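Hi,

Here is the structure I promised to pass on to you. Have a look at it first, and then read on for some notes on its backbone.

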Amino acid sequence: MLRLAVLGAGLIGREHIARIAGSPEASLAAVVDPSPAAAAIAAAHTAPWYPDFATMLAAVRPDGVIVATPNQMHRDHGLAVIAAGIPVLVEKPIADTLEAAEALVTAAEATGVPLLVGHHRRHSKMIRRARAIIESGQLGRIVAVHGFFWLVKPDAYFDVAWRREPGAGPVLLNLIHDIDLLRHFCGEVASVQAFGSNAVRGFPVDDSCVVSLRFTSGALGTITVSDTIPAPWSWEQTAGENPAYPRTGEACYQIGGTLGALSIPSLELWSSESERSWWQPLQRSRVYDTDADPLVEQIAQFCRVIRGAEPPLVPGREGRASLRVIHAIQQAAATGQRVDLLPG
Ligand SMILES: NC(=O)c1ccc[n+]([C@@H]2O[C@H](COP(=O)([O-])OP(=O)(O)OC[C@H]3O[C@@H](n4cnc5c(N)ncnc54)[C@H](O)[C@@H]3O)[C@@H](O)[C@H]2O)c1
């Protein structure tokens, strides 16, 4: 059994703790979080509780650490774990700024300590299948993609101060998942344009944003994000990965190529039966795959990485690359200008 510690036992930290508890190959080495609620969670799992990482390290040396603290703390917490020589899975976004992301990637690469980023959707079996369909050429050359993150977060979600501030917000917290997947499907992003708005919630961070993307492949993309629309089109409410979100049966992404189009998560494939023409009926097939819980798959991969059996599926560099696109979107929304991303 590998012994994993969880740093930050909030919303997602508790999800990780539950997955570790259910894992056949990992056990909970410690819960590190200064809040009294975290001490109770540790006790419920008969795991030791520590208010901070240094205190934990003096008593326990886990095989791996999951950093699930607020974005603004990922840098310092990730660097502390790397400095201790312990493999680390840092929740997404890898950090709140590009400089912080750079510091984490540099430290991990200089020391050879594995750094994984919690873009857990890439661990989804359905997403692997979607990528295989795209790579097989069934859709032809990818022309355009469209994505939605439209849902409504309950007001109580914003009782936690850091979620109302720059360094949080749905562009950084949620859109980064979608951008990471669109990069996974379509390759690197070359340019972005965006408009943002905080008109509904009135926080210092935008609640809604519309984005246009140009990929280096030439494919185009549009995606809109809002945490204040009661709507059925988001990963959370369509993918069914977390039963806490009522499932709507709708789609959150559409990917279109010269030979057909794919809807996600249903993996419904539309293609021309004979010639490419709007007069011709389209063939519709459904390549549905029952999905495994990607958070469980992510823990399993973390264990394989710790054992040295394979490299991280989403290494620090990938987390940094998705953050770069988010940063460009924020810049484009702030300035009204197109932002070109330099390769690298
Ligand atoms: N992968 C996903 O789908 C997903 C989902 C939700 C959140 N996240 C990410 O996880 C991170 C946490 O988000 P959340 O919504 O769970 O936040 P949260 O506010 O619910 O939890 C954060 C926890 O960190 C603890 N904490 C604060 N300071 C600490 C410190 N110095 N040391 C240890 N613990 C400390 C807090 O007490 C709290 O329990 C964010 O980066 C967020 O983007 C990822």
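Let me begin with Leu267, which sits in the loop between strand 12 and strand 13. Please keep in mind that this is a predicted model. Leu267 is not a glycine, yet its phi is positive, at about 55 degrees. Is Leu267 buried or exposed? Its relative accessibility is 0%, so Leu267 counts as buried, the cut-off for that being under 20%.

The loop that holds Leu267 lies between strand 12 and strand 13, and Pro265 is also placed there, with strand 12 covering 260-264 and strand 13 covering 268-272. The peptide bond that joins Ile264 and Pro265 is cis, and its omega is about 15 degrees.

Where does Thr46 lie? You will find Thr46 in the loop between helix 2 (36-44) and strand 3 (49-50). Thr46 has a positive phi too, of about 45 degrees, although it is not a glycine. With a relative accessible area of 76%, Thr46 is exposed, since the cut-off for exposed is over 50%.

One more spot for your list is Pro93, in the loop that runs between strand 5 (88-90) and helix 5 (98-111). Lys92 is linked to Pro93 by a cis peptide bond, with omega near -15 degrees.

Best wishes

Methods. Residues numbered from 1 in each chain as written. Predicted model: local features only at pLDDT ≥ 70, side-chain atom pairs only at ≥ 80, totals over all residues. Heavy atoms only, no water. Helix = DSSP H or I, 4+ residues; strand = E, 2+ residues; numbered from the N terminus. Buried < 20%, exposed > 50% of the residue type's maximum accessible area, 1.4 Å probe, protein only.
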